[in-house]
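This report looks at salt bridges in one protein structure. Please keep the sequence and the structure in view while reading.

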Amino acid sequence: GVTRVWRWTKERMQEAYDDGLVVQTGPGRVPQLIRYLDEQKGRPLGDVWTDINPLNSQARERLGYPTQKPLALLERIIRLTTNESDVVLDPFCGCGTAVFAAERLKRDWIGIDVTHLAIALIEKRLRDAFPAIKYEVHGTPKDLEGARALANADKYQFEWWAVSLINAVPYGGKKKGADSGIDGIIYCKPDGKKIERVIVSVKGGRNLGVSMIRDLKGVLDRENSPFGVFVTLTPPKKTMIREAASTGVTDTPWGKIPRLQILTIEELLNGRKPNLPGVDPTVGLKSAPREDTSKQAEFL
């Protein structure tokens with residue numbers, strides 16, 4: 001009953017009708033083509049994805065790193081392009097969302113970054129989420145010689161690396177800038193309730209003096225901070241140790257704790273940590289939620 005044809009020729013229309021690919025909802029009505037999904041090429045996936053929201057300040061997965069990407073975004077990319085046991089390479093890995101997603105999706109991975117800040121953050125993120133994870137880190141100091149080489153090569157990289165040894169948050173928005181006497185921050189609760197800032201100062205040079213301890217004491221007073229940690233590559237002089245001891249102690253529910261502590265890089269490499277009360281790792285660069293490795297990650 002339909003004789004006017006404009007998209008198809010009459011012969012093509014008749015052929016489709018004879019093959020059972022044309023349906024009419026009523027006599028004389030415009031024919032409709034039956035399309036079988038398994039015979040269609042589909043629509044190419046676009047590069048604008050609006051169903052994954054950017055991270056906001058309240059997102060549970062947010063760590064405080066300025067360029068952090070949503071985990072769902074990296075999971076989608078990795079699922080689309082790899083299979084389990086494939087290798088994912090991220091040569092500018094930042095806070096490590098790509099390697100985190102790869103680990104979560106049972107892929108092998110290699111992450112590369114030029115800053116020790118990024119490497120330290122990724123290590124912390126992986127350890128928090130996957131306590132049994134095993135990996136190797138190349139290019140970070142493993143001994144005093146490596147620490148000295150880094151200090152000589154780049155003062156700021158050394159400071160960021162040293163700060164990571166005590167799980168402190170780098171100060172100053174992770175940027176090189178004017179020296180405020182603060183290289184890192186640790187958050188703790190000296191009374192078990194209120195969060196306070198512990199000031200971390202790092203020195204990688206050989207010329208140490210008691211004035212550096214006095215400067216840190218001044219920063220503690222200026223910032224109204226209950227504790228300070230002085231990290232040094234070179235062993236401190238006796239006058240520096242006495243000056244730190246003269247700062248006194250603070251009474252806490254965990255006992256009396258020195259207000260200013262000196263730790264050497266060698267001690268930190270051997271496993272020593274600052275003696276601080278009620279350290280709260282959820283402030284600053286937050287901890288990644290622990291993953292349930294018994295379940296496969298849900299595709300968002």
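Which kind of contact do the side chains of glutamate 145 and arginine 148 meet in? They meet in a salt bridge, with 3.0 Å from N to O. A salt bridge here is a side-chain nitrogen of Lys or Arg within 4 Å of a carboxyl oxygen of Asp or Glu.

The model is predicted, so local features need pLDDT of at least 70 and side-chain atom pairs count only at pLDDT 80 or more, while totals for chains, interfaces and linings use all residues. Residues are numbered from 1 along each chain as its sequence is written, and side-chain values use heavy atoms, leaving out hydrogens and water.

The salt-bridge rule gives a count of 13. Three of these pairs are listed here.

| Pair | N to O distance |
|---|---|
| Glutamate 145 and arginine 148 | 3.0 Å |
| Aspartate 128 and lysine 124 | 3.2 Å |
| Arginine 222 and glutamate 223 | 3.0 Å |

Helices (H or I, at least four residues) and strands (E, at least two) are DSSP runs, numbered from the N terminus. Glutamate 145 and arginine 148 are three residues apart in helix α5 (residues 144-153), about one helical turn. Aspartate 128 and lysine 124 are four residues apart in helix α4 (residues 116-129), also about one turn.

Accessibility is given in classes: buried is under 20% relative accessible area, exposed over 50%, and partly exposed in between (1.4 Å probe, protein chains only). Glutamate 145 is exposed at 56%, and arginine 148 is partly exposed at 28%. Aspartate 128 is partly exposed at 24%, whereas lysine 124 is buried at 18%.

Glutamate 223 is partly exposed at 27%. Salt bridges with shared partners join Arg197, Arg222 and Glu223 into one network.
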